[in-house]
Amino acid sequence: MWVQKTIKNRKTLDYFANSKWAFNLSSLRRFTTVQPPELPPFDYQPVAYNGPSADEVFEKRKKYLGPSLFHYYQKPLNIVEGKMQYLFDENGKRYLDAFAGIVTVSCGHCHPEILSAIEAQNKLLQHATTIYLHHAIADFAEGLAAKMPGNLKVVYFVNSGTEANELAMLMARLYSGNLGMVALRNAYHGGSAATIGLTALNTWKYPIPQGEIHHVVNPNPYRGVFGSDASLYAQDVQDHIDHGTSGQVAGFISETIQGVGGAVELAPGYLKLVYEMIRKAGGVCIADEVQTGFGRTGSHYWGFQTQDVIPDIVTMAKGIGNGLPLGAVVTTPEIAQVMAQKIQFNTFGGNPVCSAGGLAVLKVLDKENRQQHCADVGSHLIGRLRNLQQKFDIIGDVRGRGLMVGIELVTDRKEKTPAKAETAVLFENLRVLGVLVGKGGLHGNVFRIKPPMCFNKDDADFLVDALDYSMSKL
Ligand SMILES: Cc1ncc(COP(=O)(O)O)c(C=O)c1O
C-alpha cells in the first residue's frame with residue numbers, strides 16, 4: 001500500500017528507480033496480494049555457468065573498454081546463454097528476450113539450423129576474400145536478390161548497418177553527382193563520422209562536421225506537428241529542396257518504422273510523395289531496412305512495402321545475420337555501376353561463414369513462415385496492449401506492426417509529457433519479472449518490443465501481464 005500511494009510522487013519514483021527496491025522481486029510481492037505472472041514453460045536446461053561473475057565482468061569492462069559504452073539496468077545483467085526467444089543469466093535465471101539483442105536475433109538465439117550452417121562452413125574455410133571465388137557469397141547474393149522487388153538485383157556485402165548506410169550514401173552521391181542528403185529528424189542511421197550526419201537524435205551525435213544533410217520534419221503521427229497528414233510533412237521536404245539546396249540533391253534516406261527513435265511509423269503515404277520529389281530533384285531514394293526487414297513487420301517482407309514504394313537502394317543489417325556481423329546494400333545495376341570506376345573492396349564483406357549463416361537465415365525465415373507468424377503474434381500483442389492502454393493513462397501510444405512495437409509512456413496524455421522516471425521504474429521491474437524490453441525515443445520513454453521472431457502468443461501474454469502487474473504498482 002505504501003508503495004502504491006507514495007510512488008505517485010515524482011521524486012519518490014526517481015528514488016525508486018535508483019534504489020534496491022527497483023530490482024527486488026520479493027519487494028514487489030510484499031506489497032500485493034496478486035501474484036506476479038510467470039514465464040511460459042520452456043523445456044530447456046541451460047549449461048552450468050562457471051565463468052566470472054557480473055561484478056567481475058563489469059569491473060574488467062570498465063577498466064579496459066571505452067567509457068562511452070552504456071548498459072541497461074542499475075545492476076547490469078550478465079547474459080551467458082541464449083536459446084530461441086529466451087536468455088539466461090549467470091545464475092541460470094531465464095528471461096523473455098523481447099529486444100533480440102537490439103532487433104538483431106531474427107530467427108532465435110542459437111537457432112540449430114543456422115548454427116549447423118555456420119559450423120559446417122567454419123570447418124571448411126573461414127576466410128579468403130573476394131579475390132578468389134567462393135560459392136557462399138554468390139549463393140547468398142542470389143537468395144537476397146530473389147527477395148527484392150523491381151530491379152533491385154545487385155548486392156554489396158558489408159559488416160554492419162553503419163557501413164551499409166555509408167556505402168549507400170556514397171553511391172547516391174556518385175550516381176547523382178550531387179552532395180546534399182535529406183534525412184528525417186528522429187532517425188538513426190549509424191555511428192560513423194558520416195552516418196552521424198544522417199542520424200538526427202542529439203544523444204547520438206558528436207560535435208563534428210555533419211556533411212551536407214537536410215533534416216526534415218518527422219512525419220510522426222503521434223507527436224508530429226501535422227498529425228497523420230503525409231502531404232504536409234512532404235511539403236517540408238520540397239521546401240528544403242527549394243530553399244536549402246541548389247535544387248538538386250543526392251538522395252533521401254529513411255527507416256519506415258524508426259527504431260532507435262522509438263518505433264515511430266511514418267505517416268501513411270509519406271514515402272510515395274517524398275520519393276517523387278527526390279527523384280525530380282535528381283536524387284535517389286534509400287530505404288534503411290536495418291530493423292524493419294525480413295518479415296518483422298508481418299504485413300510485408302520489407303518495411304518500404306508498407307508504404308507501397310520501391311527504393312533505388314536498400315540497406316540492411318542486424319536481422320540478416322541472426323547475430324553474425326553482416327550487412328548489405330542492394331541496388332539496381334545502373335546505380336551499382338558507379339562503383340566500378342574505382343576499386344571498391346571490403347575485407348570481410350560476404351565472407352564464407354557469414355554468407356553461409358545469412359543464407360540459412362533466409363531459408364529458416366521462409367521455412368518457419370515467420371512473416372505470417374509476426375503478423376499473427378504482433379496483432380495479438382498490439383490488441384492486448386491497446387486494452388492495457390484503456391486501463392493505464394500512462395500509456396500514451398501503442399504503435400507498430402508485427403513484432404516491431406512501441407509503447408510510449410506519458411505523464412499527461414494531452415500534453416504528451418514523456419514519463420521518463422516511470423519508464424525507468426517499469427523497465428527495472430520488468431527485468432525482475434523476467435522480461436527484457438528495449439527503450440527508445442529521444443527521451444527514453446518508449447518501450448521497444450522487437451523480440452526474436454519465434455516469440456509466440458504465450459510470450460506476448462506474459463509480457464502484457466508483466467506490464468499490467470508492474471503498472472498497477474505505480
Ligand atoms: C535503422 C538503423 N540503421 C543503421 C544502424 C546501424 O547499424 P550498426 O549498429 O550495425 O552499425 C542501426 C543500428 O541500430 C539502425 O537501427
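The crossing of helix H15 with helix H16 is right-handed, a term used when the near helix is turned clockwise from the far one by less than a right angle. H15 covers residues 420-433 and H16 residues 457-471, and their axes come within 10 Å and cross at roughly 125°; helices here are DSSP runs (H or I) of at least four residues, numbered from the N terminus, and axes are lines fitted to C-alpha atoms over the stretch in contact, with angles from 0 to 180 degrees between N-to-C directions. H15 and H16 are therefore oblique to each other, since angles under 35 degrees count as roughly parallel, over 145 as roughly antiparallel, 65 to 115 as roughly perpendicular and the rest as oblique. Leu426, Asn429, Leu430 and Leu433 of H15 meet Ala466, Tyr469, Ser470 and Met471 of H16, where contact requires C-beta atoms, placed from the backbone, within 7 Å.

This is a predicted model, in which local features need pLDDT of at least 70 and side-chain atom pairs count only at pLDDT 80 or more, while totals for chains, interfaces and linings use all residues. Residues are numbered from 1 along each chain as its sequence is written.

Notes
Helix = DSSP H or I, 4+ residues; strand = E, 2+ residues; numbered from the N terminus. Contact = placed C-beta atoms within 7 Å.
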